[in-house]
Amino acid sequence: MTENTSPVGSSNPSVRQTLPAISLRNGFAIAHGLPFKPSADSGSPKDVSDSFPAGMPSDLAMALRQAAQTTAGIRYIDSTGGKHRQSYADLWQDAHKIAASLKARHFKAGDWIVLQFVNSANLMAAFWGCLLSGCVPVPVAASAPLTAPSTGAASAKAFLEEHKALLSALHLLEERAILTEDALSHDLQTLLEATAETVTTPPQLLILESLRQSKTPAPQEREPSPKKTPDAEQVESRPFESHLFEPDKIALMLLTSGSTGTPKGVLLTHQNLRVSAAGMATVNGLSAADITLNWMPLEHVASLVMFHITEVYLG
C-alpha cells in the first residue's frame, strides 16, 4: 500500500500488558487492561487471532520486512509542496541499521526512547529502528525551532508550556533517552540545560545521523524469491528475536494532547497494534492496492497507528 502524508502546519506531520523492566512514574492514561475475551454466547472466535485476515504478518518486524518486498512506500508532501518518497525497502534497511546501532550502544528491549523530529522520514526511520531493537518509541511532536526561555516568570512559564509534552514524557519515564536529528540537537541540548532543575535525571541525547553512520554487522541475506521487485532487490533481513514481539509486550507509548491538563501516557502492546491494523483494513475494505492520504502530525495515534501501521501490514 502507498501512503501519502501531508501534515498541516509542519513538515512532520487492551490486552493485559507486560511492562518493561524499568521504573515508571504515575501519569499514564492507560497502563493496564484486561485481556480481550469474547463471550461464549456471542458467536465470536475463541481466539482474537482467528479473526485476522489470511496472510496477515504475525508481528511488526515481519510486517515491515514483508512490505519491503514490494514497490510500495510513503510519499511525503511538505508545507511548501515539496515531495519526497521513502520506499518500504529503504525504510526497512534504514530501520535495521538504527536498531543495530542502538543495540551496539547497549540499549535493551523495553528501554524507552523519546522521539523528537521535524523531518517525517527521519521520524519513521527512528520509530521502526526502535521497534526492531525491542526499545519502546515515545514519539512527541517537536517545536521547530525550539526556543530558549526569556527572563521573567511569565516568559519562563510560557516556555515550559510550549514544551509541555516533551517535559511530561521525561517526567513520566525515569530511565529514557531522546533520539533526535542533527538539526534539532543543539536546541534540545539548550532546552535540557534550561530545564535541568525540573528534569531530575538528564536523558541521554542520541543523534539519528550518528546511528546511521555507525558500523554494524551485515545482516543475513534472504533466499532469492521469484516474486522480488526491483525495490526489494537490496532488502536486508535478519533473524529477529521473536520474543521482542510477543503480543502482550509494550510496543509503543503515545501521549494524550494535554488540552485539559498534563499529557498522560497511553501504552499500546504489539497485539493492540495488530488488532487495530486488522480492524482498520477489514472495516474499510483496504488492500495493498489502495492509496491513503494522511494530513495529521505523525505523532498522533490516528496517523501513526490507524494509518501508517495498517498500511505497512497491508504492504
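Strand β3 (residues 73-77) and strand β4 (residues 83-87) run antiparallel and are joined by five bridges; strands here are DSSP runs of E with at least two residues, helices are runs of H or I with at least four, and both are numbered from the N terminus. Two strands count as paired if DSSP finds at least two bridges between them. Arginine 75 has arginine 85 in β4 as its bridge partner. Five residues sit between the strands of this hairpin, and glycine 81 takes a positive phi there, near 95°.

This is a predicted model, so local features need pLDDT of at least 70 and side-chain atom pairs count only at pLDDT 80 or more, while totals for chains, interfaces and linings use all residues. Residues are numbered from 1 along each chain as its sequence is written, and side-chain values use heavy atoms, with hydrogens and water left out.

Strand β1 (residues 2-5) pairs with β11 in the parallel sense over four bridges, and threonine 5 stands opposite asparagine 294 in β11.

Then there's histidine 106, in the loop between α2 (88-104) and β5 (112-116). Its phi is positive, near 70°, though the residue isn't glycine. Histidine 106 counts as exposed at 73% relative accessibility (exposed means over 50% relative accessible area, buried under 20%, partly exposed in between, with a 1.4 Å probe and protein chains only).
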